[in-house]
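Q: Please take a close look at one part of this model. I want the contact between the chains, and then the strands and helices behind it.

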Amino acid sequence: MSQVDPLLSNQTKNQAEGRHPRPSATLRARQDQAARRAFFIFTLLPVLLILFITVALFFRSWPIISEYGLSDLLFGQVWKPNKGLFGFWPFILGTVWVTVVGVVLAVPLCILASIYLAEYAHTKTRSFAKPILDLLAAIPPVVYGVWGLLAIVPFVDDVLAPLSTRWLGSISIFSVNQPTGFNILSAGIVLAVMIAPLIISVMYEIFSTVLNDLRHASLAVGATQWQTIRNVVLPQVGPGILAAIVLGASRALGETIAVLMVVGNIPQIPTSIFDSAYPLPALIANNYGEMMSIPLYDAALLSAALVLLVVILIFNILSIIVLQRMTRKK
Amino acid sequence: MDAHIQVKNLNVYYGKQQALKNVNIEIPKNQITVIMGPSGCGKTTLLKTFNRFFELTENTQLTGEVLVDGQNIYDASVDVTEVRKVVGLLAQRPSPLPMSIYDNVFYGMHIHKMKKDRKEYKAAVQHYLEIAGLWDEVHKRLHDPATSLSIGQQQRLCLARGLAVEPEIILGDEPTSALDPISSQNIESRLLELKQQYTTVIVTHTLRQAKRLGDYVIYMYLGEVIEAGPAHEVFNNPQHERTKAYLEGQI
Amino acid sequence: MSLFTKKHWQRRHVMEAFMKFIMRVSLAIVAGALGLILWIIIVRGLPSLSWDMVSKIPEGGYYMGKEGGILNAIIGSAYLATGGTLLAMLFSIPIALYLKTYLGDSKWGQYVRLSLDVLWGIPSIVYGAFGFTLMIALGMRASLLAGIIILAFIELPIMTRAMDEVIRRMPIDLEHAALALGSTKLEVALRVVIRQMLPGITTAILLGFGRGIGDAASVLFTAGYTDRIPTSLMRPTASLPLAVFFQLGSPYPEVQQRGYAAALILTIIVLAVSLGSRWLSARLNKYTVK
């Protein structure tokens, strides 16, 4: 397997071929060189695409960033484009609330489910669960949105909100201040289900990097399976679990259609999970039509996309590097 | 003979393949029993039925009985973790747990809540590291990760870890096959020292080790026990053709 | 009472049983969510599903509850997803081949895989916004072509990684055997690796298609929406996800109902594609060396 820089090795190979004037061999080798170069250019595409997306969005956002300054945009409280006020803060908070609720709901379920699949389940259960998770991952966001609208919003409104009023009303993040189920909790539940397949499959992968010898060493002294998981398996996979959670969170951050269908879309600073919110992706999607009608509006929306992109890039790169390291150890 | 383990009509299947065929043997108390035979003959499988480790493989099936101190460890009322506490295992490859040297020995005792306080645990850890002949080498770095030890030291640590839960039986699945000659010898001499207090069952594929360690010998071939008896009898006067052939190095 | 009998229910045994129980419940909740989603979509979507829905384009007054269907969106989505998948294939096959034959686990290979995984994680709304900037720069309007290009970007990392995962499991011996016979790497790539890749390619195509047909946020910016079936690449086009989305936003209950039905159609297509890829790759895997 070639480990050398492809361009560098071209030269050395070409020199070597000078000494072997077998025509057909040279021709084939030349083809090989040409193909190598062509292929190499193809692999530049994904790397360049990331840069290109970032630069393009930055370029388009520059008019508003240079006029208002980044901190005024990010921490501005008021969003009134026709008066020239572009404050992202309520939307940023909305995104954070929705993401945190989704992740908090998904993570315990995902950790438990993936431990079960990796440590306890028989092959049969696994081969039953895998396609279910795949299907769950394949369902389009808009269908999740419909489901949220038809099932989750009424459920939150009719069941969870009254329960919360009754038992948790005194705690401010659980207080019910709005009459509908279009709120952060609904969006969080929908998001939790959407990101669960990804988190579970990444965590499952991580658990299977732990050597069986270690499990057996613990079982051999009479530990129960849970004691073995708790004391031997979990300490080994900490960073991987964290990476899986961050990866899930970054998916939740960018989810657009499904969230915007159930979250209420009221630009306010939320104080409770029963409040409506207006996350950044929803802001972009809802207003794309008027983008060109007001000065700087397009730049504002594209800089919202840029903010989202930068945060997600950071989350993604960190967690993927951790995961690549862990799975390669195997 | 004072039998510690009795195996009665034992059959084991991996899926449809039969790994053990109608095994009936007795393993004497406080002696070293050596199970030998060509690879794939089921000796490791037999060993792993003694601590119910073979169950960790999926699609296995077992009929018959394995009695430890006269009690069938496959009885429905049996708690498998109690079995594994009484029947310790020294694995083929040393597998220190990913924690400190101290914690490796502490681990099993802690799991079974065997001691009252830190002082007792500390004393016990020292005691078992001494028995395993490791104390002098590690007492200054008890809190270093166990993986920092050499392979031979790791295997002795695993021995200490196994002994710390006060088993009555020690199983060894080719416990020296991953070690260098000096470390192997070290482990062998530990096992010889310990045989007064523990019933030891060792699987080995080297005849010389069998001769050095064995008080009692079981010879297996294709999932069946061909011959079992005191070492001097089996080695000097094998009753079965196959055993003879094996001892002469034909298999 | 024997030596090994559970003397009493110790804490650790209670813990074991409890943990196992809540793990099972967790898995059941996640798996049950799929059932719940399908149930709701079927129950609410089925009543309005009719032959007209899938065979007619919207007629006058359709958005107030009158005659018509969403054939425009079905065809539009088929064009978009097919185009996007074909375009993404043009790039993903060479990249996957190059990763396997020339790069392996080298540094550059790792960077390429990292960037593919990162691209995979970029949300479609950002792709949409990026597509919008591209369109402004090129002076394009919302069109089928723009939608196809953006979907190709979205599908590229998914398809490449799917192929990469399949061929990475291919035994290295096979490649070495071919190299030892005097083949160049290019010949190995074209003759040996690509045959091994076949199941990977089919899985990748269906995976990419499934993702492309369900994506809403990116086509919102790039493909627009229209009641006609597009006749050229430069025309805007409707798509199923947006058909669902827009109809749900309508104040007319009949139109909302049709939104549910459209969601059902989309779900059926996506599930069929997903199950199909599973079935196909299981079949094709039989014919490759493992």
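How many residues does the contact take from chain B, and how many from chain A?

A: This is a predicted model, where local features need pLDDT of at least 70, side-chain atom pairs count only at pLDDT 80 or more, and totals for chains, interfaces and linings use all residues. Residues are numbered from 1 along each chain as its sequence is written, while chains are lettered from A and ligands numbered from 1 in written order.

The contact takes 21 residues from chain B and 17 residues from chain A. Contact means C-beta atoms, placed from the backbone, within 7 Å. On the chain B side, α2 (80-86), β6 (87-90), α3 (101-111) and α6 (151-163) each supply at least two residues. Helices (H or I, at least four residues) and strands (E, at least two) are DSSP runs, numbered from the N terminus. α2(B) gives the most, with four residues. By class, this side has eight nonpolar, seven polar and six charged residues. Nonpolar covers Ala, Val, Leu, Ile, Met, Phe, Trp, Tyr, Cys and Pro; charged covers Asp, Glu, Lys and Arg; the others, Gly among them, are polar.

Now follow β6(B). Six strands of chain B form an open, mixed sheet in the order β6-β7-β8-β3-β9-β10. Strands pair if DSSP finds at least two bridges between them. β6(B) and β10(B) (224-230) are at the edges with a single partner strand each, so one side of each lacks a neighbour in the sheet.

α6(B) lies across β6(B) and β7(B) (169-173), at about 170 degrees to β6(B). Axes are lines fitted to C-alpha atoms, for helices over the stretch in contact; angles run from 0 to 180 degrees between N-to-C directions.

Notes
Two residues are in contact if their C-beta atoms, placed from the backbone, lie within 7 Å.
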